[in-house]
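Me: Could you walk me through some side-chain contacts and strand pairings in this model? I'd like the cut-offs spelled out as we go.

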Amino acid sequence: RCGEKVSTPCLCCAEHCGFYLHKVCAGAPLELNHPFHLNHPLLLMQNAPYSSAGDYICTFCRKGGNDFVYHCSCELDFHIKCALFTFNIAENNLKELEHVALQHPLVFTENGDEELEDVAKCFVCWEPLAKYTHFSPDCGFNLHEKCAKLPFKLNHVCHRKLPLVLQFNSQRLPCKICGETNREGIGFVYGCSPCKFVVHIECASQSSLQVIIEDKSHPHPFTLFLRRLPFICDACGVEGNYAAYICCTCNIIVHKECNSLPCIIISKWHDHRIYHKYFLPRDFRNSDCDICHDKVNPELGCYCCSHCNITFHARCVTEDKYSYSIPSREDEDEISNESSITVLEWNDAKEATKIKHFKHMHNLMLSASVGGYENSCDGCMLPISDPFYYCSQCDFFLHKACAELLRMKRVWHHTYCKQPHILISDKVFQCEMCFHKSNAFAYECSECQSRTCLRCVIALTPGARTCLKHEHPLRFYREYKGKYNACSCFSWRAWRAFCCKDCNFVLHLGCFSLPITTQHKCDEHLLSLTDHDDNNYSESHYCDICEESRDPNRWFYHCAICNTSVHVNCVLGKYTFLKLGSIFEETDHPHPLTIVKKKYYYPDCDKCGKPCEDLALECSKSECKYIVHWNCAAPRKLQCLIGWPM
């Protein structure tokens, strides 16, 4: 029934067919009226009703199972042992713990909470087990001694109408005191089902609520104010109820968790330190949060950067504990601000006209001409556009914005590593954001070596972005559901997108980085990215490369001179951002290989024997005729099987 190993005493089939039952599982009732879930009975079922395999995730311990299950129509599922163990807690029947020795809490260091993050937790309150005196029985249900003796009902000052009952937080409601939901499992809470009022066990104990709190982030103590009155927190700007802390000296009121908001943080969302303010100076009066893009109320608390006039909601910039840190010293710098360039000459307008970039051997000059370029930037691999730097001794080009990027940078979307990213080049990689393969510039994490291309780093830097195909600025949103304008795809689940606040224009990250112009052998002119088809004649809606039909609602490349129209995927292919002519050495061939794309003559691949029509690797030695498909020689992680979706 439960799938775990049996030991005596147990029950077995009289015919010795290998069927065994624990005594507890054999006696499990078919219907369990659980005190912690009074709405419906739990029914014992051989399989969960979700799939033919009967797989389910236990609502209590969050571990998988495919054996017998206690199921409720509320979409609650429990292992037999989880349902019976919690039932025994409710009935104060803890025979399993009678012979289990109590273990004492560990002595904590300054970082004790961090050290206990990944160790065993109490199955009732989900706090680290070693924080308090606890039981740790062989059955695996670790339990604090104090949690084993919790009262079933509780009268609470914040909910005077009815007593609160110890129960599963089956609806995952947030705690009315601290505002947080359980991060693991449904957990236990004290709640009132008719009022949808729940409080965490630790928050329900009024002794756990400090009446006076002193914290180094604020010069005066905060005093607890327990009343069922709504308030707006002066530290984060979010509404609160029930438990507030007030500073009578400053005349401010805050949530319990906001009285210790750090004054200064180093965030992955910004390259400078940002400071917490209870109200904004005049310079910031009309600011949007650079994360959620909603207005920041200048009369309420938030974080801001005095160098850049940038603001963040306090909740937005601190919601992910991996995305920020608190400087340990006053003089601790954010990151090295070392530039990628050394300026050799300036013009009268204080523009750098001659520079030395640390990733190129020759000096680079600022271009004086305007428009009409057919080259790509060696940093981001997008078509070169003004202003840009060029090398007079070789074919090397950099957008001015790409050239001026710092050698080290924090990247907000790479959450779990704390070290900044380092600018690299000439390594073939897959971008962790857009998944395109490239060997141009990238920012590499010094901890896990994952890489992000310059297109994504620049596009995802907080702030408004311009798109040449749209009149309004676009802003990046981490969660969007709906249709995208360029590819006409539809996102059914929350996904990343660039959205316009003024209209319904939306692009996903891949379409945002489409080259504005490109070349192909099908046309002697540059092809331009086009967002609409003026020709309503249906026979014109065909691709001039593959000769298949073309959706007029999707963006395409077009030559107005020759009236050539082509699919994005047909002209760009799978390896848009790999520099042709560069050297690739990660193969078993004795000589360096050059990345090539044959246009007219397609020699046979030396590995699979098929013509090399797409990207290929060709031996750089002229006397060696070795050539292979990219997908035949490159590591699997650098192979691309899917192209652009249009």
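Me: Which residue lies over the face of phenylalanine 577?
Reply: A charge counts as sitting over a ring if NZ of Lys or CZ of Arg is within 6 Å of the ring centre and within 35 degrees of the ring normal. This is a predicted model, where local features need pLDDT of at least 70, side-chain atom pairs count only at pLDDT 80 or more, and totals for chains, interfaces and linings use all residues. Residues are numbered from 1 along each chain as its sequence is written, and side-chain values use heavy atoms, with hydrogens and water left out. At 3.5 Å from the ring centre of phenylalanine 577, the residue over its face is arginine 455.

Me: And how far is arginine 496 from the ring centre of tryptophan 495?
Reply: Here too the arginine lies over the face of the ring. The distance from arginine 496 to the ring centre of tryptophan 495 is 4.8 Å.

Me: How many aromatic pairs are there, and why is the pair of tryptophan 269 and tryptophan 412 called stacked?
Reply: Rings of Phe, Tyr and Trp (its six-membered ring) pair if their centres lie within 6.5 Å; planes under 30 degrees apart count as stacked, over 60 as edge-to-face and the rest as tilted. By that rule the count is 11 aromatic pairs. The centres of tryptophan 269 and tryptophan 412 are 4.1 Å apart and the planes meet at 10°, so this pair is stacked.

Me: How many residues apart are tryptophan 269 and tryptophan 412?
Reply: Strands are DSSP runs (E, at least two residues), as helices are (H or I, at least four), numbered from the N terminus. Tryptophan 269 is in the loop between strand 21 (264-267) and strand 22 (273-277), and tryptophan 412 is in the loop between strand 31 and strand 32. The pair thus links distant parts of the chain, at a separation of 143 residues.

Me: Are tryptophan 269 and tryptophan 412 buried or exposed?
Reply: Buried means under 20% relative accessible area, exposed over 50%, and partly exposed in between (1.4 Å probe, protein chains only). Ring pairs also link both tryptophans with Phe476, Phe498 and Phe512 into a cluster. Tryptophan 269 and tryptophan 412 are both buried.

Me: Is tryptophan 492 buried or exposed?
Reply: Tryptophan 492 forms a tilted aromatic pair with phenylalanine 490, at 4.4 Å centre to centre and 45° between the planes. Phenylalanine 490 has 45% relative accessibility, so this residue counts as partly exposed. With 72% relative accessibility, tryptophan 492 counts as exposed.

Me: Which residue of strand 38 is the bridge partner of glycine 482?
Reply: Two strands pair if DSSP finds at least two bridges between them. Strand 37 (residues 475-483) and strand 38 (residues 490-499) run antiparallel and are joined by six bridges. Their hairpin has six residues between the strands, and serine 488 takes a positive phi near 60° there. The bridge partner of glycine 482 is serine 491.

Me: Which aspartate makes a polar contact with lysine 409?
Reply: Lysine 409 lies in strand 31 and stands opposite histidine 421 in strand 32. With a relative accessible area of 11%, lysine 409 is buried. A polar contact is a pair of N or O atoms within 3.5 Å; within protein, one must be able to donate a hydrogen and the other to accept it, and residues adjacent in sequence count only if both atoms are side-chain atoms. At 3.2 Å, the side chain of lysine 409 contacts that of aspartate 271.
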